[in-house]
Amino acid sequence: MGVEYVSRVPRAPLDDLIHDVYYLAGRPPYRRLTLPAAPAPLLIVNLEAPFHIRAGKHIEAAEYADGCVVSTPTRSWEFGYPIPSRSVGVHFKPWGLAPFLPMAAAELCDRSATIEQVWGRPAIAELRDQLATAAEPHQMLTLLEEALMSQLSEIHGLDLVRHVSTAIAATGGTVSIGDLIAAGGVSSTYLARRFKEIIGVTPKRLARAHRFSTTVLAIDPAEPIDWADLAARAGYFDQAHFGHEFREFTGFTPTRYVEVRRRFLREHPGHVLDGWPLPAD
């Protein structure tokens, strides 16, 4: 049994907050996957046996039955899948989770919450009951979009944070944050506060995440890699700086990361989950 993965961009106005909503079912390529830190909050509604999340190598894994919400992480985290797995979820844009939270996004930084803590028991119980009787994946995604619309709220400062975040992403994290602050006409303190409330991290930390993810996703693990050249082209001070970022964002050294990526490609060529998750087994 393989994995069925269905995703789509949601309808407006959700499309301004969300990259895609998705349905995932089947047997994952590995029971445990490592997810490097990325500028992408996540929401999962679980429909099978509980799964487990470990937010750091030295932290005990926590069990999630109904689902979870993860704000913008600053380090890698490990996801333990049930077999078989079945869930629907949301990949948010960096600012997109905040309108669905009853708390500041910074409270969830590197500390996932249950979906019940975010939406309340009645709302998530009703959604899971509806999803359980849905006929096919796209109907399930429609139900998820309706649930998201019912939880949507206004957030002060969202337009500013969205504008600055979009500029950061457009440059792969290399834009001067000082220039963005000057163009926005606000103080660095005010912008940092809005970012932590809405995204969970400061503008500089978001820029670091974008620069790292842009650099790593451009790596072709099937080809020889000149790490010093790659680090220089990405704007890192030197190869040691790049290596430090690698360990912080993935939990691996650069060479170990490529070894693990190559293992995924070798054992599961063309898999729908290939690209960012890494085997942790």
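Predicted model: local features only at pLDDT ≥ 70, side-chain atom pairs only at ≥ 80, totals over all residues.
In this briefing a residue is called exposed when its relative accessible area is over 50%, and buried when that area is under 20%. The largest pocket, with a volume of about 810 Å³, lies between domain 1 (3–151) and domain 2 (158–279), because both domains give residues to its lining.

**The five-stranded sheet**

- Five strands form an open sheet in the order β6-β5-β8-β3-β11, and their pairing is antiparallel; the strands at its edges are β6 (62–64) and β11 (278–279), each of which pairs on one side only.
- Strands of a sheet pair through backbone hydrogen bonds, and they may do so in either a parallel or an antiparallel way.
- Strand β5, which spans residues 51–54, is joined to β6 by three bridges in the antiparallel sense, and within this pairing His 52 stands opposite Glu 63 of β6.
- Three bridges also join β5 to β8, again with the strands running antiparallel, and here the bridge partner of His 52 in β8 is Gly 80.
- Strand β8 pairs with β3 as well, over four bridges in the antiparallel sense, and Trp 77 of β8 is the bridge partner of Leu 35.

**The six-stranded sheet**

- A second open sheet is formed by six strands in the order β1-β2-β9-β4-β7-β10, with antiparallel pairing; its edge strands are β1 and β10, and each of these pairs on one side only.
- Inside this sheet, β4 and strand β7 (residues 67–70) pair in the antiparallel sense over four bridges, with Leu 43 standing opposite Val 69 of β7.

**The two sides of helix α5**

- Helix α5 covers residues 177–184, and its buried residues are Ile 177, Leu 180 and Ile 181; these cover an arc of only 100° around the axis, and therefore they sit on the same side of α5.
- An α-helix has 3.6 residues a turn, so residues three or four places apart point the same way.
- The other side of α5 carries Asp 179, Ala 182 and Ala 183, which are exposed.

**Local features of the backbone**

- The peptide bond from Ala 12 to Pro 13 is cis, with omega near 5°, and Pro 13 lies in the loop between β1 (3–8) and β2.
- Another cis peptide bond joins Ile 83 and Pro 84, with an omega of about 0°, and Pro 84 belongs to the loop between β8 and β9.
- Asp 110 is a residue other than glycine that has a positive phi, with a value near 60°; Asp 110 is found in the loop between β9 and β10 (113–114).
- With a relative accessible area of 17%, Asp 110 falls under the 20% cut-off, so it counts as buried.

**The largest pocket**

- Of the 35 residues that line the largest pocket, those closest to its centre are Leu 35, Leu 42, His 91, Trp 276 and Pro 277.
- Several elements each supply at least two residues of this lining, namely β2 (18–26), β3 (32–35), β4 (42–46), β8 (77–80), β9 (85–92) and α7 (203–217), and β9 gives the most, with four residues.
- When the lining of the largest pocket is divided by class, it has 25 nonpolar, eight polar and two charged residues.

**The cavity**

- The structure holds one cavity of 30 Å³ or more, and the largest cavity has a volume of about 70 Å³.

Terms used: Residues numbered from 1 in each chain as written. Heavy atoms only, no water. 1 Å grid on protein atoms, 1.4 Å probe; cavity = no way out; pocket = protein on both sides within 12 Å on 5 of 7 lines; lining within 4 Å. Points joined across faces, edges and corners; volume = space filled by probe spheres on them. Nonpolar A, V, L, I, M, F, W, Y, C, P; charged D, E, K, R; others polar. Domains from an automatic or database assignment. Pairing = 2+ DSSP bridges. Buried < 20%, exposed > 50% of the residue type's maximum accessible area, 1.4 Å probe, protein only. Arc of directions from axis to C-beta.
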